[in-house]
Amino acid sequence: SLGFLPADLPEDCTQPISRRDYARIALHFVAELQYNFHVGGAFFTEVYCQAKSRKSAAPFADAPEEELTQARSIGLIRGRSETEYDPDSGITRQEAALILRRAYAAYADPEALEAAPAA
């Protein structure tokens, strides 16, 4: 109802989710709710990276989609290696928690995260 879920995701949210789809949800959350940008073009990433003094990231070899490159550029996701993301694997609870933490830092107040570092 808030509009940050990609329209092409299945409506049944009780099924396991892939690393790709979870990253896309986090990206849409940050882009749409915090910055009022629609995900799809490079403009959001360029503006965000400039505001945060970050460099745009290179696409993963196994996941060249623009959304995953954007999620990587703004620090939401990391790969299994520098070149591989493993997008079709199921996401672990630890990976999901880290992405949520990074999304919170991007969306809200990064200083709040410093006050309570992850165990």
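**Figure 1. A salt bridge joins the side chains of Asp86 and Arg80, at 3.0 Å from N to O.** A salt bridge here is a side-chain nitrogen of Lys or Arg within 4 Å of a carboxyl oxygen of Asp or Glu. Asp86 is partly exposed, at 28% relative accessible area. Arg80 is also partly exposed, at 45%. Buried means under 20% relative accessible area, exposed over 50%, and partly exposed in between (1.4 Å probe, protein chains only). The model is predicted: local features need pLDDT of at least 70, side-chain atom pairs count only at pLDDT 80 or more, and totals for chains, interfaces and linings use all residues. Residues are numbered from 1 along each chain as its sequence is written, and side-chain values use heavy atoms, with hydrogens and water left out.

**Figure 2. Arg80 forms a salt bridge with Glu95, with the closest N and O atoms 2.6 Å apart.** This pair links distant parts of the chain, 15 residues apart. Glu95 sits in helix α4 (residues 93-107), Arg80 in the loop between α3 and α4. Glu95 is buried, at 16% relative accessible area. Helices (H or I, at least four residues) and strands (E, at least two) are DSSP runs, numbered from the N terminus.

**Figure 3. Asp21 and Arg24 pair within helix α1 (residues 19-35).** Their closest N and O atoms are 3.4 Å apart in a salt bridge. Three residues, about one turn of the helix, separate the two. Both Arg24 and Asp21 are buried.

**Figure 4. Helix α3 (residues 66-73) is mostly covered.** Seven of its eight residues are buried. Among them are Glu67, Leu68, Arg72 and Ser73. Gly75 follows α3, with a positive phi near 85 degrees.

**Figure 5. The largest pocket holds about 340 Å³ of space.** Its lining has 14 residues; Pro10, Asp12, Cys13, Ile17 and Ile25 are the closest to its centre. A pocket is an open set of points on a 1 Å grid over the protein atoms alone, where a 1.4 Å probe fits, with protein on both sides within 12 Å along at least five of seven lines; lining residues have an atom within 4 Å of a point. The volume is the space filled by probe spheres set on the points, which are joined across faces, edges and corners. The lining divides into 10 nonpolar residues, one polar and three charged.

Methods: Nonpolar A, V, L, I, M, F, W, Y, C, P; charged D, E, K, R; others polar.
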